[in-house]
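Hi everyone, thanks for coming. Today I'd like to walk you through a structure that may be new to you, so let's bring it up on the screen.

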Amino acid sequence: MSSGDPKRTGRAKGYLQAFLFLLPGLILILLFFLAPVIITAVMGFTNMDYRFQWNFIGLGNFFRMADDFLIPKILINTLVYTFGTLAIFNVTFGLILALLTTSISERVGLFFRALWLLPRFTPPVVYAAIWLWILSPTRNGLLNGLRVAMGLRPIAWISQFPWGVIIITNGIIGASMGMLIFTSAIKAIPRDYLWAARVDGASWFQEVRHIVLPLIRWPLMFITAYQTLSLLTSYEYILLITQGGPFHASEVWSLYAYNKAFSAYAGTYEFGYAAALATVLVLIGTVASIAYWKIFRFREMMAQPRIEVS
Amino acid sequence: MRKWLLGILIFGLAAGLVAAQDVKVITIKAWTVGPDDPSITRKLNLETAVERLNQMLEFSGARFRVELEATFVTTSWSDYKRANLLALQSGDPAKIADIIITGHEDIGPYAEAGYIVPLDNYIADFPEVYNDFFPALWEACRYKGKIWGIPQDTEARMFYYRKDLLKAAGYSEEFIESIPAKVAAGEFVLDDIIALGQKLLEAGVVDPEMAIWHRPTPGTDWFQFIYAFGGELYDPETGKLVVDKSATLALFEFVKKLVDLQLTPSAMSQISWPEIHTNFSGGKVGINLTGGSWNFAEWQHAPYNKSFEYLWENIGFAPIPAAEKGGKPVSVSHPLVHLITAASQHKDLAFLIVTMASAVDLNTRHAISSGHLAIRKSQLSYPPYYADVFARKVSELCAPFARFSPNHPKAPFYWETLFRDGIVAVEVGALSPAEALENFIKRMQTELGDQVIIRE
């Protein structure tokens, strides 16, 4: 009876079709996202080094992490870097850019948005080289050249402001992502709301406070969550500009894991310990995702759109 | 007629095919590295060796030829080594070179991992070549009683000083010219370098923090100062690394003095290599504390473009002085080696090419054009080498005091940590010398466990 039920066969067919449609994406996710996480996690239980041998040592790497006296410093660096860049640039500054460039004429707004996208288009190595020139501790650097011209002494920017340097250099690139998403969200707000507000005599600030911000709540929360996760794992600009130094002052978790695995000049090649560090980062990321999902009630966002798309 | 033509054509084609099949081409792959541009001769020498080999093969009517596929990396040591390691661990002969040129410190890890083969038996086949090598160089190629590498070149490390600036600061010509001899005799010590820097600064010849500069990165150079302060790095009896507390502390205190006296910028580790070379070769910085013989060649190329005559006239050098009067100076040498990989399908042929690339004329070409030193005794009397005043002077001043970095798989970790967690921490003022020592020992013990001995 069951096989003959046309309703059921139809539903099974539907599932099969959906599965087939999802299959290419599924394979990609399994191969390039899930498999590396599993391999990394398993590697985290070995003491693999330059010999690439899978010697399992139980929780050895995790005990070592508890003993590693650099870890507290690196954890603090990671939190300051992630939430500092997020709060100052990726959300706040991105939002300010979006608000300002949508409040002026479209052509000028577009120009400024394009300008802010430039750092994102610049190859990271070139971008880093420019910053190294700007921040050089000698009088040949841009900032110190200006200071010397004003009769001041050069400053060792990276030693003096390691957190500031990594937040600004990453934030200037990071802000453009929020800017783009917020701009499109603001543009999707039905114009009549704003016209009505203006008829009622609302100022620009009141418009933003009472109409725009409530209506772009979801994109704001999405960017916050997404950029937290992306900042937690990003280290390439830090590696290129400060190398985590001086004396680990700008070393973040993901860079520490990278250094353990591929440290400069033949370094250490401690793949096992590095994998354990990376596994902890994956766990932190997972916990953060679940926390954001709950706190920001993303289920509601997925359920029904709150912004009318015209 | 047409039959004839067709016949000739078919015959020609067949003969061509037979000929093409007859001479087999064997491809030998090699990975070579600068990272300094002038060291391209590491690659060129292998290419010339293959050319010579092919001529011999042609002459002897052999039915194969050799083709060399060689890379030359100029980005950085760390990029080069990382790429090599990742390819080596694949174990796939298609991805792995037959010949690798790298620092001798890779012998330990590569031998342990089974990536390379011992060469003692091959070496025994060419006594006329290999008995001519300086015996000390073989020490750098030895690991667990076997020889795993063929020395490719070596260099000397030294401190460079600007003769013109010292003269401008009021030093007499006799004094300036006598520095190398005084260093060799143990009369000129490390603190005298500080005195030179102070005088340069006081005379206003250099700007503050421009008197004494050093490399911004880790390197075997830093080991020289441990030796100079009377320390040791390796215990040959147990094969373990050694941290000598008093010598390490003395090094950290020396670095602190450089910064406190405004001779060296506290952010020295944040200055780029090109900026360092530009300022020293351009006469803005008085002393280059961690120089190498290859720098002299580097400064003659773009972007520095100084003539040999200019450099020879204005820049002097000597090995790193001892810390105490009467002590022996030191110059750590970092021999590069040719390695033959375990994955190579033509180990004999690869070794033959290495042997031919080690010819006196080829190695001398490399030594002179890239600022490296001879590896063979007969090079010293070979006219082109003898005629090179720089190479001769380096051999004379530094070679007698040559020492090596330990051939221990964790030696690179040692110099990396010594620099990043010690020297840099003290320079930027994050730690005092005593705190840096404590921190350094803690890191070494955490990472190396029982592989390190701590000595008072």
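This is a predicted model: local features need pLDDT of at least 70, side-chain atom pairs count only at pLDDT 80 or more; totals for chains, interfaces and linings use all residues.

Let me begin with a question: how many residues of domain 1 of chain B are in contact with residues of domain 2 of chain B? Keep that in mind while we look around.

First, chain B as a whole. Chain B has 21 helices and 16 strands. The radius of gyration of chain B is 25 Å, close to the 23 Å that the globule rule gives for 456 residues, so chain B is as compact as a globular protein of that length. Along the principal axes, the C-alpha trace of chain B spans about 95 × 50 × 35 Å. As for burial, 48% of the 456 residues of chain B count as buried. And if you take the contacts in chain B with a separation of 6 or more, 78% of them come from residues 24 or more positions apart.

Now to the domains. In the domain assignment of chain B, domain 1 covers 22-155 + 334-404, and domain 2 covers 157-332 + 410-455. Their C-alpha centres lie 29 Å apart.

Back to my question, then: 19 residues of domain 1 of chain B are in contact with 21 residues of domain 2 of chain B.

Conventions: Residues are numbered from 1 along each chain as its sequence is written. Chains are lettered from A and ligands numbered from 1 in the order in which they are written. Helices (H or I, at least four residues) and strands (E, at least two) are DSSP runs, numbered from the N terminus. The radius of gyration is taken over C-alpha atoms; the globule rule is 2.2 Å times the number of residues to the power 0.38. A residue is buried if 20 or more other C-beta atoms lie within 10 Å of its own, exposed if 12 or fewer, and partly exposed in between; C-beta atoms are placed from the backbone. Two residues are in contact if their C-beta atoms, placed from the backbone, lie within 7 Å. Domain bounds come from an automatic or database domain assignment.
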